[in-house]
Amino acid sequence: MSDATTEAVRDATVPNREGLHARPVMRFVDLASKYKSTVAVTNVSCDKEKVDGKSAMQMMLLEATQGSVLRIEACGEDADEAVRALAALVNAGFNMMDTSQRPG
Amino acid sequence: MGTEVDMKLSDLIDAPSVVPDLKATDRNGVIRELIQSLADSGAIEQHHMETIARATITRENQGSTGFGKGVAVPHVKHQCIEKMIATIGRSSHGVDFAALDRAPVYTIVMLLSPASAPEEHLAAMERIFRYLQRENFRRFLRQAETREAIVELVTEADDLQNE
């Protein structure tokens, strides 16, 4: 089992005007929870503590505004896929569209 | 980022509108009761009440703010909100917020933010969740039976945070 464990890390930038607010956090946690690997996230831009990428409450502590760089680290058998998919989600603005418009 | 050190939850909470024993038993009712309470205390304009209530419910329909562990943080950013304001409601019977963990919600922290200040909103959410993270804070909030007790808990948590 241990020989299948890998570590992976990838950075991604939050493009959303509203930053990493509750709904994108939920999307991130939903996706992170699909992987067996542990997922940890740091807001590199403001030197905050590392949080559990599968905990919505902890992810809210990142206070990641637009342009913040998130460092996504995973550890486990599917670590590579996890960081790749999660970084893609962040870079895509969590598929939320508030990169161009602000909801009422 | 000095904001999270400087911002106090007690400065954000409109103490007179804290509801220690919510009458409403469903999610939308709770949201409306808290917004009514904010309007009664003068924290928001009476004539904006319906607009803000609808916007908060619409936001909640887009994704539950029931983060689990008995807490929900319904919130909205809206142009008719001039100044960021929050309040707290406590339900003794528990409310279904379609929470992440499916469990009923006993503590509701509502945050209303102006549409133009996303950074300030994120800083306030950070502060709210930093406190809600603590099991003791959640437990004491759930047990607090009066408005004064809830407000005092928030002030104590601020003091603890800034020690």
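**Figure 1. The predicted model and its confidence.** This is a predicted model, in which local features need pLDDT of at least 70 and side-chain atom pairs count only at pLDDT 80 or more, while totals for chains, interfaces and linings use all residues. Residues are numbered from 1 along each chain as its sequence is written, and chains are lettered from A and ligands numbered from 1 in the order in which they are written. The predictor gives the complex an ipTM of 0.87 and a pTM of 0.91. The mean pLDDT (the predictor's confidence in each residue, from 0 to 100) is 90 for chain A, where 89% of the residues reach 70 or more, and 93 for chain B, where 96% of the residues do so. In chain A, pLDDT stays under 50 over residues 100-104, for which the model has five contacts beyond four places in sequence; a contact here means that the C-beta atoms of two residues, placed from the backbone, lie within 7 Å.

**Figure 2. The crossing of α3 and α4 in chain B.** Helix α3 (residues 27-40) of chain B packs against α4(B) at an angle of about 145°, and their axes are 10 Å apart; axes are lines fitted to C-alpha atoms, for helices over the stretch in contact, and angles run from 0 to 180 degrees between N-to-C directions. From α3(B), residues including Ile31(B), Ile35(B) and Ala39(B) take part, and they meet a set in α4(B) that includes Ile52(B), Ala53(B) and Ile57(B). By class, this contact of α3(B) with α4(B) has seven nonpolar, three polar and three charged residues, where Ala, Val, Leu, Ile, Met, Phe, Trp, Tyr, Cys and Pro count as nonpolar, Asp, Glu, Lys and Arg as charged, and the others, Gly among them, as polar.

**Figure 3. Two buried residues of chain B.** Ser37(B) lies in helix α3 of chain B and is buried, with 20 other C-beta atoms within 10 Å; a residue is buried if 20 or more other C-beta atoms lie within 10 Å of its own, exposed if 12 or fewer, and partly exposed in between, with C-beta atoms placed from the backbone. Not counting residues up to four places away in sequence, Ser37(B) touches Ser17(B), Val19(B) and Thr87(B). Arg90(B) is found in strand β4 (residues 85-95) of chain B and counts as buried, with 21 C-beta neighbours inside 10 Å. With residues up to four places away in sequence left out, Arg90(B) touches, among others, Val19(B), Tyr106(B), Leu141(B) and Ile150(B). The C-alpha atoms of Arg90(B) and Lys23(B) are separated by 9.5 Å, although these residues are 67 residues apart along the chain.

**Figure 4. The sheet of chain A.** Chain A has three helices and four strands, where helices (H or I, at least four residues) and strands (E, at least two) are DSSP runs numbered from the N terminus. The four strands form an open sheet in the order β1-β4-β2-β3, with antiparallel pairing; two strands pair if DSSP finds at least two bridges between them. β1 (6-13) and β3 (51-52) of chain A stand at the edges with a single partner strand each, so one side of each is left without a neighbour in the sheet. β1(A) and β4(A) pair over eight bridges, and Asp11(A) stands opposite Arg71(A) in β4(A). β2(A) and β4(A) pair over six bridges, with Thr38(A) opposite Cys75(A) in β4(A). β2 (residues 38-43) of chain A pairs with β3(A) over two bridges, and the bridge partner of Val41(A) in β3(A) is Val51(A). Helix α3 (residues 79-91) of chain A lies across β1, β2 and β4 (69-76) of chain A, running at about 5° to β1(A).

**Figure 5. The contact between the chains.** The contact takes 21 residues from chain B and 16 residues from chain A. On the side of chain B that touches chain A, α4 (49-62) and α5 (118-132) of chain B each supply at least two residues, and α5(B) gives the most, with ten residues. By class, that side of chain B has eleven nonpolar, six polar and four charged residues.
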